[in-house]
Amino acid sequence: MSDEKLPILLVPDARLRLKARAVEAGDDDSVRDLSARMLATMYAAPGIGLAAPQVGSGLRLIVLDVGPKDAPEPMVLVNPEILAASREMAIREEGCLSLPGQYADVERPERVKVRWRGLDGMRHETEAEGLLGVCLQHEIDHLNGVLFVDHLSPLKRNMMLRKLAKELKARTFDE
Ligand code: K2U
Ligand code: ZN
């Protein structure tokens with residue numbers, strides 16, 4: 001069970017725009033190993049969520065931990081899907097490990113009903129709001145090739161992507 005960190009893909013890597021495929025029964029061993037490495041990568045970033053496409057895997061797999069620092073509550077969600085979303089919306093500042101240093105207010109449904117399978121194959125279903133609700137929507141977006149900037153106005157999105165490109169160019173130039 002290697003929990004070696006994995007490199008996190010950065011925008012504009014095209015793999016971040018692919019639709020991930022459902023995890024099949026036969027994937028179990030690789031999914032167990034990948035989820036351990038994704039959790040190690042997430043904690044090291046640090047982040048509170050990470051989706052498989054962000055580490056170059058096309059599987060519908062996300063990990064998250066919105067628990068307090070001193071009491072980690074890691075979650076591994078296989079084939080997560082949003083079954084329902086509230087009409088009420090909520091706005092929250094979001095960031096993304098694939099768009100380092102970029103933050104913006106994003107409006108999303110306040111509450112979502114999510115269903116997923118655990119690593120043990122157990123089915124789970126829960127209603128989530130607050131930080132967990134936002135994180136679940138942000139990570140499930142990643143499985144569909146959607147990034148938080150896609151929820152912004154075209155003007156804001158383009159400004160943010162231009163700023164990121166400039167910063168990443170400066171970073172590679174300095175290295
Ligand atoms: O998917 C990712 O890039 C991980 C994000 C998940 C996330 C984004 C926005 C809101 C909630 C979760 C990273 O955790 S970004 C770092 C971060 C940490 C705490 C709160 C918000 C963002
Ligand atoms: Zn993200």
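## Surroundings of ligand 1

Ligand 1 is surrounded by 13 residues, the closest being Ile-48, Gly-49, Gln-54, Leu-97 and Glu-139, where a residue is near if one of its heavy atoms lies within 4 Å. This is a predicted model, in which local features need pLDDT of at least 70 and side-chain atom pairs count only at pLDDT 80 or more, while totals for chains, interfaces and linings use all residues. Side-chain values use heavy atoms, without hydrogens and water; residues are numbered from 1 along each chain as its sequence is written, and chains are lettered from A and ligands numbered from 1 in the order in which they are written.

The shell around ligand 1 is made up of five nonpolar, six polar and two charged residues, with Gly counted as polar and Cys as nonpolar. Helix α2, residues 130–143, gives the most to this shell, namely five residues.

## Polar contacts and cover

## Zinc site

The zinc ion (ligand 2) is coordinated at 2.1 to 2.2 Å by Cys-96 (SG), His-138 (NE2) and His-142 (NE2), donors being N, O and S atoms within 2.8 Å of the metal (3.2 Å for Na, K and Ca), and the site may look incomplete because water is not among the atoms. Cys-96 lies in the loop between β4 (89–94) and β5 (104–109) and His-142 in helix α2, so this pair ties together parts 46 residues apart in sequence.

Conventions
Helix = DSSP H or I, 4+ residues; strand = E, 2+ residues; numbered from the N terminus.
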